[in-house]
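Please consider the following sequence together with its three-dimensional structure.

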Amino acid sequence: MEDRDTPRLDIHCPVVFLGDHVIGKGTITNLSTAGCGIHSTTLLNNKNSLTVTVRLPGEEEPLMVGLAAVRWALGGKAGLEFIRLGPEGLARLRRYINENRTEG
């Protein structure tokens, strides 16, 4: 997720995640095709691997990420890297980000 050349979208949308010994929900604060930043009352650590369901604003179907790794966590914030996101999900996410981001 450190590849900052990947376009990022500042966003506030619901996320639900599930992994070994952890289940929770929160808000995505930024999003790219490589991963996302989240705020959650569920504390995560960099040993967590998760399945993630993202509710993109204006989209009917949730975006499913089969595997995401927590790359950093501090208090109620965490950074996730998307490891397994199928080609259709990746194309959908890329399209959504490109349609909704504004050039600075």
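The model is a predicted one. Its strands form a closed barrel of 6 strands, in the order β1-β2-β3-β6-β5-β4, with antiparallel pairing. From one strand to the next, the twist averages 45 degrees. Strands of a sheet pair through backbone hydrogen bonds, and such pairing is either parallel or antiparallel.

Several of these pairings can be followed residue by residue. Strands β1 and β4 pair in the antiparallel sense over 5 bridges, and Leu-18 stands opposite Thr-51 of β4. Strand β4 is joined in turn to β5 by 5 bridges, and these two strands also run antiparallel; here Ser-49 stands opposite Ala-69 in β5. Between β5 and β6 there are 7 bridges, again with the strands running antiparallel. Leu-74 has Lys-77 in β6 as its bridge partner. The hairpin of β5 and β6 has 2 residues between the strands, and within this hairpin Gly-75 takes a positive phi near 60 degrees.

A positive phi is also found at His-21, where the value is near 65 degrees in a residue other than glycine. His-21 is placed in the loop between β1 and β2. Is this residue buried or exposed? His-21 has a relative accessibility of 86%, and therefore counts as exposed, the cut-off being over 50%.

The helix may be considered next. Helix α1 has 14 residues and reaches 20 Å from its first C-alpha to its last, close to the 20 Å expected at 1.5 Å a residue. Helix α1 lies across β1, β2, β5 and β6, and runs at about 155 degrees to β1.

Which residues of α1 are buried? They are Gly-89, Arg-92, Leu-93, Tyr-96 and Ile-97. These residues lie on the same side of α1, because they cover an arc of only 130 degrees around the axis. An α-helix has 3.6 residues a turn, so residues three or four places apart point the same way. The cover over the buried residues of α1 includes β1 (9-19), β2 (22-31), β5 (63-74) and β6 (77-84). On the face of α1 turned away from its buried side are the exposed residues Pro-87, Glu-88 and Glu-99.

Arg-94 is another residue of α1, the helix that spans residues 87-100. With a relative accessible area of 42%, Arg-94 is partly exposed. Although Arg-94 and Ser-32 are 62 residues apart in sequence, their C-alpha atoms are 7.8 Å apart in space.

Apart from its neighbours within four places in sequence, Val-52 is in contact with Val-15, Val-16, Phe-17, Leu-63, Met-64, Val-65, Ala-68 and Leu-80.

Thr-29, a residue of strand β2, provides a second example. Its relative accessible area is 19%, and Thr-29 is therefore buried, since the cut-off is under 20%. If residues up to four places away in sequence are not counted, Thr-29 touches Leu-9, Asp-10, Ile-11, Gly-37, Ile-38 and His-39.

At 38% relative accessibility, Pro-57 counts as partly exposed. What does Pro-57 touch, not counting residues up to four places away in sequence? Its contacts are Ile-11, His-12, Cys-13 and Tyr-96. Pro-57 and Pro-7 are 50 residues apart along the chain, and their C-alpha atoms are separated by 18 Å.

Methods. Residues are numbered from 1 along each chain as its sequence is written. This is a predicted model: local features need pLDDT of at least 70, side-chain atom pairs count only at pLDDT 80 or more; totals for chains, interfaces and linings use all residues. Side-chain values use heavy atoms; hydrogens and water are left out. Helices (H or I, at least four residues) and strands (E, at least two) are DSSP runs, numbered from the N terminus. Buried means under 20% relative accessible area, exposed over 50%, partly exposed in between (1.4 Å probe, protein chains only). The expected span of a helix is 1.5 Å times one less than its number of residues. The arc is that of the directions from the helix axis to the C-beta atoms. Contact means heavy atoms within 4.5 Å. Two strands pair if DSSP finds at least two bridges between them. Axes are lines fitted to C-alpha atoms, for helices over the stretch in contact, and angles run from 0 to 180 degrees between N-to-C directions.
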